Amino acid sequence: MEDWKRSRALFAAVATAPLTWLTLFFIVPMGVIWLYSFGTNAGLTEIEISGTLANYKKALEPLYLGIFAKSLVVAGITTAICLVVGFPVALAIVFASDKWKPWLLLGIMLPFWTNLLIRTYALMAVLRTEGYANQTIGWLHDRFGSLLTLVGLPAPGAYEPLHLLYNNFAVVLGLVYVHLPFMVLPLYAALDRLDRSLIEASLDLGAGHLRTLLLIVAPLAAPGIISGIIITFVPALGAYLTPDLLGGTDSQMIANVIERQFKRANNWPFGAALSFLLMYATFIAIAIQALKAKQAEKRG
Amino acid sequence: MSDKTPIISIRNVTKRFKGAPSAAVDDVSLDIMPGEFFVLLGPSGCGKTTLLRMIAGFEIPTSGQILIDGQDMAEVPPNKRPVNMVFQSYAVFPHMTVAQNVGYGLKIAGVSADEIRSRVAEALELVKLDGLDARMPDQLSGGQRQRVALARSLVMRPKVLLLDEPLSALDAKLRAQMQFELADLQDKVGITFITVTHDQDEALSMAGRIAVMNKGDVAQLAAPADLYEYPANRFVADFVGSVNIFEGKLTLDEPDKAAVDCPGLGKVWLNHGVTGAHGSNVWVALRPEKIYLHVPGEGKAVRAAAEDAPEGHNFARGQIKGMSYLGDITLYEIQLDCGAMIRVSRPNLSRHDQEDFTWDDRVSMHWRADSPVVLLS
């Protein structure tokens with residue numbers, strides 16, 4: 001196994017196919033789009049690569065920066081909620097009995113087997129004005145009202161359905177729903193590796209469960225927490241379908257703007273510039289994290 | 001010791017794990033006295049660690065009661081018990097310095113920063129780690145990590161210190177050194193130590209009293225020397241030290257003498273009585289170091305045996321089938337004339353022994369009338 005690098009023919013045979021695939025269908029298209037970001041529309045379908053920075057300049061206008069900022073906030077909130085909800089879930093799976101563990105993990109991964117579009121439409125069915133959520137709350141409201149009349153109190157007015165769909169709330173809820181597994185799985189992996197006797201040692205030394213969680217479990221699971229944050233935050237930042245279907249007029253995210261440039265606005269160079277700006281931002285975030293991890297390693 | 005109240009009282013404790021065919025700990029009762037160095041000894045799976053973890057509070061007894069200093073521990077969680085544990089893996093927190101590790105329990109208890117500093121320093125000095133407070137655990141050797149775990153528990157001034165296989169991860173030299181240090185440390189701090197081990201040398205060298213466990217049960221509870229010289233049954237005789245065991249019939253049993261007829265060994269004479277029914281099946285245990293080897297043919301073995309036993313007892317003849325030189329002693333595997341194998345050890349008193357035995361040599365053996373132990377089970 002060690003000298004596989006030396007048998008070049010074999011190495012080439014194995015590596016050629018994936019390398020070709022990556023080059024043809026990933027690097028080349030990316031390169032083309034990257035070049036477009038320095039171009040101008042010459043005709044309806046023609047783009048002239050003129051080396052201009054005008055697209056980037058336009059992308060940095062307050063209107064678009066605002067949408068960028070908003071996307072960052074929405075993705076940030078989504079990630080925070082995923083972490084708060086996902087951590088106890090991951091912890092519960094780690095401490096579940098061996099009989100239950102695979103089923104719980106399957107439950108976390110099950111949504112991956114269903115198309116995102118279908119899941120999003122299902123969520124719409126729940127959140128609509130006449131949806132299941134409103135129906136349930138309305139039913140509870142009516143029962144509560146009749147209970148009040150029963151004991152002689154004035155009944156509250158008719159139920160006003162909550163506006164749960166087509167707003168930022170729906171977008172965040174949808175993003176959390178979609179991205180929760182991305183958070184739970186790395187957390188689970190990190191927590192499962194944790195030496196149980198460390199937790200027992202902390203309890204033995206007088207710490208309760210909460211302090212053990214904060215002082216021992218969380219710091220030791222930090223690498224898992226950070227990778228969970230990254231792989232939740234990055235796709236949430238570039239989310240397109242969820243804000244498009246669940247969001248209102250004011251909840252569009254950067255991916256929706258990009259899509260519009262490529263389609264309705266037919267401004268590919270500007271769309272390309274926006275795309276790459278998003279990518280630069282993501283890369284910088286990951287690079288900073290990697291750098292910090294390296295520093296921490298040196299210190300440790 | 002009997003006038004003191006036990007620091008730990010284990011009463012009819014049973015632990016049954018879900019799905020396990022038999023109980024891990026089966027109706028065990030033990031009293032452990034303050035200041036004792038108590039060892040739970042047994043092979044893996046005998047229930048010793050489960051018992052220790054029940055004292056610490058990490059396992060809940062299926063039935064029975066555990067009292068620490070007279071208090072029932074049934075409803076007390078691990079973090080509220082006046083005991084501390086040194087884990088087999090040491091469980092030193094990898095993201096904290098040595099000083100932070102040792103001070104962890106005190107910080108949780110809300111002790112002032114000044115007092116933490118001085119008590120941590122004191123504890124580190126006790127385990128000979130002074131000057132290493134700023135080190136991270138991954139910069140320490142295994143032995144040092146263990147000392148951190150020890151200091152981290154001792155700094156809490158527990159009523160009882162629980163040690164789970166404390167020396168198993170150390171190399172032989174360090175282990176021998178730590179055995180002495182642990183005994184010394186226990187003497188110094190005066191805290192009750194309860195240690196779990198599968199290593200009989202470790203148990204014999206450190207313990208004040210040893211409970212030998214087998215299949216969830218206490219097979220014998222005794223001081224180290226008594227355990228070795230007066231094992232209560234075949235399990236203990238075999239587990240603690242090396243032993244030859246022969247089945248036989250009790251032919252004579254009086255207060256000051258007894259005789260057992262062993263088909264595999266010969267006639268065995270004892271200068272004390274045993275409490276068994278005449279003609280019943282018993283086992284004779286004979287330690288390898290308690291058998292004398294002789295060059296055959298001169299009747300030396302017979303004469304030596306006759307000094308404290310009637311003629312025809314306490315000697316045997318055989319042929320050396322194997323030997324291993326261990327430096328301080330040489331171990332011989334001898335096939336007796338009746339076919340059974342017996343192990344005999346002999347100290348190497350001088351560099352060149354005049355009666356140097358080797359493979360296939362014929363030898364005679366004798367043992368004294370106070371050497372064999374008769375086991376009824």
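Tutor: Happy to. Chain A holds 13 helices and two strands, where helices (H or I, at least four residues) and strands (E, at least two) are DSSP runs, numbered from the N terminus. Its radius of gyration is 25 Å, well over the 19 Å that the globule rule gives for 300 residues, so chain A is more spread out than a compact globule. That radius is taken over C-alpha atoms, and the globule rule is 2.2 Å times the number of residues to the power 0.38. Along its principal axes, the C-alpha trace of chain A spans about 80 × 55 × 35 Å.

Before we go on, please keep in mind that this is a predicted model: local features need pLDDT of at least 70, side-chain atom pairs count only at pLDDT 80 or more, and totals for chains, interfaces and linings use all residues. Residues are numbered from 1 along each chain as its sequence is written, chains are lettered from A and ligands numbered from 1 in the order in which they are written, and side-chain values use heavy atoms, with hydrogens and water left out.

Now to the cover. Of the 300 residues of chain A, 35% count as buried; buried means under 20% relative accessible area, exposed over 50%, and partly exposed in between (1.4 Å probe, protein chains only). The accessible surface of chain A comes to about 17,900 Å², and 71% of that belongs to carbon and sulfur atoms. Such areas come from the Shrake-Rupley method with a 1.4 Å probe; for residues, only the protein chains shown count as cover.

Contact means heavy atoms within 4.5 Å. Among the contacts in chain A with a separation of 6 or more, 67% are accounted for by residues 24 or more positions apart.

A:Thr232 sits in helix 10 (residues 222-237) and is buried, with a relative accessible area of 0%. Not counting residues up to four places away in sequence, A:Thr232 touches A:Thr79, A:Cys82, A:His179, A:Phe182 and A:Met183. A:Arg196, in helix 8 (residues 196-204), is partly exposed at a relative accessible area of 36%. With residues up to four places away set aside, A:Arg196 touches A:Val94, A:Phe95 and A:Lys101. A:Phe95 is 101 residues from A:Arg196 along the chain, and their C-alpha atoms are separated by 10.0 Å.

Next, the partner. In chain A, 19 residues are in contact with 22 residues of chain B.

Helix 1 (residues 48-56) of chain B is mostly covered, with eight of its nine residues buried, including B:Leu51, B:Leu52 and B:Ile55. After helix 1 comes B:Gly57, with a positive phi near 100 degrees. Further along, B:Tyr292 lies in strand 15 (residues 292-294) and counts as partly exposed at 40% relative accessibility. Leaving aside neighbours within four places in sequence, B:Tyr292 is in contact with B:Ser364, B:Met365, B:His366, B:Trp367 and B:Arg368.
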